[in-house]
Amino acid sequence: MEWQPTVYIIPFVFSALLSFGLFLYVAVGRTHLLDRPVVRMFVALTFSIAVWGVGDVFQLLTTDLVAKRAWLVVQFIGAGGSTLGLLGFALAYTDNDEYLTSRLFGLLAVEMTVALGLLATSPTYHQLYVVAVDTALDPETGLVMLDRSLGPAATFHVIYSYALIVAAIALLLRAALRSEQFFRSQSLAVVAAIVVPFVVNIGWFVSLGSGGSLDYTVLGFSFSAVALWYAISRYSLLAVSPVARKTVIENMQDAVVVVDQEGRIIDANPAVQALGVARPSELIGETAVQAVPSLEPVLADDEPTDELSVEMDDGTRHFAVSRQPLESASAGTRLLILRDVTEQRRIEQRYQRLIENSSDMITVLDANGRIKYDSPAVEGVLGYEQDEWVGHHGSDRLHPDDRDRMVAEFDQAVDEHDHSSRHEYRIRHADGSWRMFESFASNLLHDPVVEGMVLNSRDITDRKRRERELERTNERLDEFASVVSHDLRNPLTVGNGYLQAAKEGDMEALSVVEETHERMERIVDDALELARQGDAVEQTETVELAAVARRAWATVETGDGVLRFDGGGTVGADPDRLRRLFENLFRNCVEHGTTDEGAVTVTVDTEVDATAEDPAVVRFSVTDDGPGIPTDQRERVFESGVTTNDEGTGFGLAIVESIARAHGWSVTVSEGEAGGARFTFELDGSAAR
């Protein structure tokens, strides 16, 4: 095989290499995009053009007729493939993927297959395609050229191919006319890349009658390669389909901005006007942070914001930003979707302010019972910082006696969709005390906005205290009614009996009547006092415990009894009610502790807080040296009407317990070290009856 190297071949070699380079630029550099039809068709198109160019170069380099005919077949394969590839690319680019079927392209390739067979067969048949073929020396270039004239099959094939090319150009022009400036420029660049070699090829076909005329179509592909490369790099040719964009992006209410790796805007829909942009179409090709300064925090390389606030004439508008890379574009290209959430944020702020200013405490728990959120009310209600308990189990701040019950009810509520219920339990205050709460629970774990169990809680400690006071008041009323109906009935019956005896002449019976009247008066007085002592003490003052005890001792008929003190200190109490407490205690000690062996001795001893600056009493007791209280009766001595003395009313110790409870204290009875009864008062209320 002989070769004819000449400088005339160099432009053809350069054009073939340029076409092959464009093929590699897409096929190798865009392998991650090959799943897209438009990219696959583009690869097929550029590869076919490269094959066409290689066949043309070697056909020109050889001088032997057989070799030239062989490379002519290669040229034909490249030309046919580029025609079908161009049509496929146009269909994919204009979002007509439904026509990209193997059946359609198989039918379109039938004619080309027949023409190729005619060209490659024996002279008997290929004359239908090429009437005469030989070699001849071109006097202008000095090249041995193919001297040929086309037959009817070749003419039909060329016209058929031109029809497919014109259809592809029509599709691209239609897309260009319907697109905005950016995609119009993109589409026109593709059209220009096709039209230039197409026109050159038409010129060669028309002038083919000159016999050995040189086909410059391959040189036209040099312009095509440059135009297509420019469309890819400048207009992101393979990134977004203009027709798909028209039907989807243009009608979106959310603002859409596509920014390439260099920070330039390569696409923007009309909704970006919400960002204060007057003409969205003018943004294409501009640097994003310069054209739309408000996008700067969104495009920041380090910690970009997920929400954007833009100052507008009608106020501040808020946008939620969705940011993601475009796999269908070059590396670094980002798609920004900005959703206007101004109204949503306004509603959220409204409810946030309602929550922040609500006296009720809002708590959100996850499915495991961990606290996700505490409203600001937790600071005023429980004394904790708002986020102090976030991440901790809510059960950790419950009273131990309520914990198991509430955990069980919580687990049950988690399993029930749309569960709602009411609960009462105790929560530890930051100061260590326990507060009673009422909570309304709602299961919103499956709500994508909340994703938690919501508790609306209210401190009902004072309400519960008032309820208990009301219950005690009712109990005291019942007790008073019992006294009137029962305890007064016995002395009244006795008095009536002796009164009848006095009427019959036994005047000594009047003294018994007098005693029963006095007893009835004491019962009424004690019952009234017990009823009045039930209210909780609202205000206290610091008083000397010993001083109050002495005043109480002085007002009680103690006979030869002796009052002793072991220690001293102050206590916060209502002075008058504290004195009544001592009076009833002392009266009880004298009445029950005085024996035939002598008068009673009563001792008041105290225990103070050693760590405090002031000698504040935390516990005090009153002890007598009498016979004491039998063990089996100690549990009942604080009940109304219970007494071991026939002369007693049975209300004295009930009054003592009522006054202690009104102060928040507890009182227990036990045996003193030397016998007798010992009444112990715990001022922090920790001891139980």
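Visitor: How many aromatic pairs does the count come to here?
Guide: The count comes to 16 aromatic pairs. Keep in mind that this is a predicted model.

Visitor: Let's take one. How far apart are the ring centres of Phe58 and Trp71, and is that pair stacked or edge-to-face?
Guide: Their centres lie 4.7 Å apart and the planes meet at 20°, so Phe58 and Trp71 are stacked. The cut-off for stacking is under 30 degrees between the planes.

Visitor: Which helices do those two sit in?
Guide: Phe58 belongs to helix H2 (residues 37-61) and Trp71 to helix H3 (residues 65-93), so the pair ties together parts that are 13 residues apart in sequence.

Visitor: And is Phe58 buried or partly exposed?
Guide: Phe58 counts as partly exposed, with 29% relative accessibility. Trp71 is also partly exposed, at 24%.

Visitor: What about Phe620 and Phe681, how do their rings sit?
Guide: That pair is stacked, because the ring centres are 4.7 Å apart and the planes are at 15°. Phe620 is in strand S17 (residues 617-624) and Phe681 in strand S19 (residues 677-682), so this pair ties together parts 61 residues apart in sequence.

Visitor: Buried or exposed, for Phe620?
Guide: Phe620 counts as buried, at 1% relative accessibility. Phe681 is buried as well, at 0%.

Visitor: Which residues form an aromatic cluster with them?
Guide: Phe620 and Phe681 form one aromatic cluster with Trp553, Phe582, Phe586 and Trp665.

Visitor: Switching to the cores: which residues touch the most other members in the largest nonpolar one?
Guide: Phe42 and Leu237 do, in a core of 55 residues. The elements giving two or more residues to this core include H2, H3, helix H1 (10-27) and helix H4 (102-120). Helix H6 (152-178), helix H7 (181-206) and helix H8 (217-235) are also among them.

Visitor: Which helix gives the most?
Guide: H2 does, with 10 residues.

Visitor: And what does Leu237 touch?
Guide: Leaving out residues up to four places away in sequence, Leu237 touches Phe42, Phe89, Tyr93, Gln186, Val190, Leu228, Ala231 and Ile232.

Visitor: New topic. Which charged end sits over the ring of Trp389?
Guide: That of Arg397, 5.4 Å from the ring centre.

Visitor: What does Arg428 touch?
Guide: Arg428 touches both Trp389 and Arg397, along with Leu382, Tyr384, Asp396, Ser433 and Trp434, not counting residues up to four places away in sequence. Arg428 is found in strand S10 (residues 420-428), and is partly exposed at 28% relative accessible area.

Visitor: How many residues separate Arg428 and Leu382 in sequence?
Guide: They are 46 residues apart in sequence, with 7.6 Å from C-alpha to C-alpha.

Visitor: Now the whole protein: how many helices and strands?
Guide: The secondary structure comes to 19 helices and 19 strands. Of the 689 residues, 44% are buried. Among contacts between residues at least 6 apart in sequence, 59% join residues at least 24 apart.

Visitor: Last one. What pLDDT does the protein average?
Guide: The average is 80, and 84% of the residues score at least 70. Over residues 685-689 the pLDDT is below 50, and that stretch has 11 contacts in the model beyond near neighbours in sequence.

Key: Residues numbered from 1 in each chain as written. Predicted model: local features only at pLDDT ≥ 70, side-chain atom pairs only at ≥ 80, totals over all residues. Heavy atoms only, no water. Phe/Tyr/Trp six-rings, centres within 6.5 Å; stacked < 30°, edge-to-face > 60°. Helix = DSSP H or I, 4+ residues; strand = E, 2+ residues; numbered from the N terminus. Buried < 20%, exposed > 50% of the residue type's maximum accessible area, 1.4 Å probe, protein only. Lys NZ or Arg CZ within 6 Å of the ring centre and 35° of its normal. pLDDT = per-residue confidence, 0-100. Contact = heavy atoms within 4.5 Å. Core = buried A, V, L, I, M, F, W, Y, C linked by side-chain atoms within 4.5 Å.
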